[in-house]
Amino acid sequence: SAHGGLETLRVAHEDAERYEQAIVDELKKPAKTHREKVVQNHRIRRLVELIRGACERVSVLYEDREGALQADMEAIHDENPSKVMNMFTARIAELREQHRKFPLGSLQDANADIAHLSTQDLVSFSGEERMGRNVDLNALFQEYINLPVISHQHQKQPLDYHTYLSTFANFAEIPVRAKTRDYYRYLQSLYEYLLDFHSRALPLEDLTASLKSSEESFEQQ
């Protein structure tokens with residue numbers, strides 16, 4: 001059929017190449033503002049994800065679990081000239097019919113994916129986050145100062161938000177008695193927010209290796 005092993009493989013390779021070219025096109029258009037740069041980086045990250053998906057499809061196709069690719073290769077290398085020509089003629093007819101119904105085929109799908117990225121709202125920030133320039137820890141600050149031990153500790157000298165911003169990462173200074181279940185829930189919320197903020201502000205930076213290294217270092221201490 002028109003969706004034989006070789007044709008499906010060609011389409012998957014073509015998709016990956018279209019997405020790669022789209023990244024090249026993006027990089028040829030320097031962003032003029034901070035906002036444009038952040039949004040452009042998100043488009044590039046989505047394109048990288050699309051490339052990864054296309055490459056995964058290619059990998060599966062090369063595994064040829066259903067034998068479609070092998071069948072096409074055997075047909076091409078068949079020693080019977082008449083059989084090869086009949087197969088070739090039939091395939092051309094099927095491809096022409098396929099392209100008659102869908103003139104741009106997968107290329108149209110890839111272009112639609114790329115065009116969608118230019119209109120899609122890829123990332124959002126709160127006003128205080130200023131498109132990824134600042135963190136917005138107001139909600140976490142409220143959660144922190146409402147922890148019983150922390151609240152008691154700052155009765156005489158209330159902790160303000162700006163002081164919190166400069167000290168919230170000083171975890172070693174938190175008294176042991178304050179490290180309750182509620183405190184660890186707060187830490188989990190803080191961790192999740194910072195990861196999410198990083199992925200929105202710096203979409204092309206992958207923290208996986210850095211986090212793994214930090215975890216290994218922690219385990220060794």
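Me: Contact means heavy atoms within 4.5 Å. Which residues of helix 6 and helix 9 meet on that basis?

Reply: The model is a predicted one. In it, Leu140, Glu143 and Tyr144 of helix 6 meet Tyr183, Arg185, Tyr186, Ser189, Leu190 and Tyr193 of helix 9. By class, the residues of this contact divide into 6 nonpolar, 1 polar and 2 charged.

Me: What makes helix 6 roughly antiparallel to helix 9?

Reply: Helix 6, residues 138–145, packs against helix 9 at an angle of about 170°, and the axes are 10 Å apart. Angles over 145 degrees count as roughly antiparallel. The angle of about 170° is over that limit, so helix 6 is roughly antiparallel to helix 9.

Me: Why is Tyr186 called buried?

Reply: Tyr186 has a relative accessible area of 1%. Buried means under 20%, so Tyr186 qualifies. This residue lies in helix 9, which spans residues 181–201.

Me: Which residues does Tyr186 contact, beyond its neighbours within four places in sequence?

Reply: Tyr186 is in contact with Leu140, Glu143, Tyr144, Tyr164 and Phe168, leaving those neighbours aside. Leu140 and Tyr186 are 46 residues apart in sequence, while their C-alpha atoms are 7.3 Å apart in space.

Me: Why are helix 2 and helix 9 called roughly perpendicular?

Reply: The angle between helix 2 and helix 9 is about 95°, with 9 Å between their axes. The range for roughly perpendicular is 65 to 115 degrees. An angle of about 95° falls in that range, and helix 2 and helix 9 are therefore roughly perpendicular to each other.

Me: Which residues make the contact of helix 2 with helix 9?

Reply: Helix 2 supplies Val38, His42 and Arg45, and helix 9 supplies Ser199, Arg200 and Ala201. By class, the residues of this contact are 2 nonpolar, 2 polar and 2 charged.

Me: What makes His42 buried?

Reply: The relative accessible area of His42 is 2%. The cut-off for buried is under 20%, so His42 counts as buried. His42 lies in helix 2. Apart from neighbours within four places in sequence, His42 is in contact with Leu122, Val123, Ser199, Arg200 and Pro203.

Me: Why is Arg43 also called buried?

Reply: Arg43 has a relative accessible area of 17%. Buried means under 20%, so at 17% Arg43 is still classed as buried. Arg43 is placed in helix 2, residues 34–63.

Me: Why does the pattern of the chain read α-α-α-α-α-α-α-α-α-α?

Reply: The protein chain has 10 helices and 0 strands. Runs of at least four residues in H or I count as helices, so the pattern along the sequence consists of α entries.

Me: How many residues does the protein chain have, and what share of them counts as buried?

Reply: The protein chain has 221 residues, and 26% of them count as buried. Among contacts between residues at least 6 apart in sequence, 71% join residues at least 24 apart.

Notes:
Residues are numbered from 1 along each chain as its sequence is written. This is a predicted model: local features need pLDDT of at least 70, side-chain atom pairs count only at pLDDT 80 or more; totals for chains, interfaces and linings use all residues. Side-chain values use heavy atoms; hydrogens and water are left out. Helices (H or I, at least four residues) and strands (E, at least two) are DSSP runs, numbered from the N terminus. Buried means under 20% relative accessible area, exposed over 50%, partly exposed in between (1.4 Å probe, protein chains only). Axes are lines fitted to C-alpha atoms, for helices over the stretch in contact, and angles run from 0 to 180 degrees between N-to-C directions. Angles under 35 degrees count as roughly parallel, over 145 as roughly antiparallel, 65 to 115 as roughly perpendicular and the rest as oblique. Ala, Val, Leu, Ile, Met, Phe, Trp, Tyr, Cys and Pro count as nonpolar, Asp, Glu, Lys and Arg as charged, and the others, Gly among them, as polar.
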